[in-house]
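Please keep the sequence and the structure in view while reading.

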Amino acid sequence: MRILGKVVAGAVLLLALAYAVDWAVWRVHLSHGAGVATVTVDQVTVVALKGNKEEYYPDGSADVQCSRSMFPEGGDSPCWWLQRHRHVLVQE
């Protein structure tokens, strides 16, 4: 049990360090004008119906701002994530 605690503590520390380094690099890029980009995504509106059913309405394409980082920064999703997940569901 003691070893498991040390492994978990080490993983949490490593993740916190990775986030801090990612944030610092993103802030430097942001100060040089390269911290954000846009990705074109396909938006689909999801409408809840009776009986736990849903209906999907395509809304076309939209440009979404993203952060050029490993983790979400500045309230934006990372660009690498949006480029791999181009279909965005909008709940209504």
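What is the handedness of the disulfide of cysteine 66 and cysteine 79? The torsion about its S-S bond is about 85°, so this disulfide is right-handed. The model is predicted: local features need pLDDT of at least 70 and side-chain atom pairs count only at pLDDT 80 or more, whereas totals for chains, interfaces and linings use all residues. Residues are numbered from 1 along each chain as its sequence is written, and side-chain values use heavy atoms, with hydrogens and water left out.

A disulfide is defined as a pair of cysteine sulfur atoms within 2.5 Å, and the count by this rule is 1. The sulfur atoms of cysteine 66 and cysteine 79 are 2.0 Å apart. This pair links distant parts of the chain, 13 residues apart: cysteine 66 belongs to strand β2 (residues 53–67) and cysteine 79 to helix α2 (residues 79–84). Helices (H or I, at least four residues) and strands (E, at least two) are DSSP runs, numbered from the N terminus. Both cysteine 66 and cysteine 79 are buried, where buried means under 20% relative accessible area, exposed over 50% and partly exposed in between (1.4 Å probe, protein chains only).

The loop between β1 (36–49) and β2 contains asparagine 52. Most residues other than glycine have a negative phi. Asparagine 52, however, has a positive phi, near 55°, and is exposed, with a relative accessible area of 82%.

Rings of Phe, Tyr and Trp (its six-membered ring) pair if their centres lie within 6.5 Å; planes under 30 degrees apart count as stacked, over 60 as edge-to-face and the rest as tilted. The count by this rule is 2 aromatic pairs. One of them joins tryptophan 80 and tryptophan 81, whose ring centres are 5.9 Å apart with planes at 90°, so the pair is edge-to-face. Tryptophan 80 is partly exposed at 37% relative accessible area, and tryptophan 81 is partly exposed at 40%.
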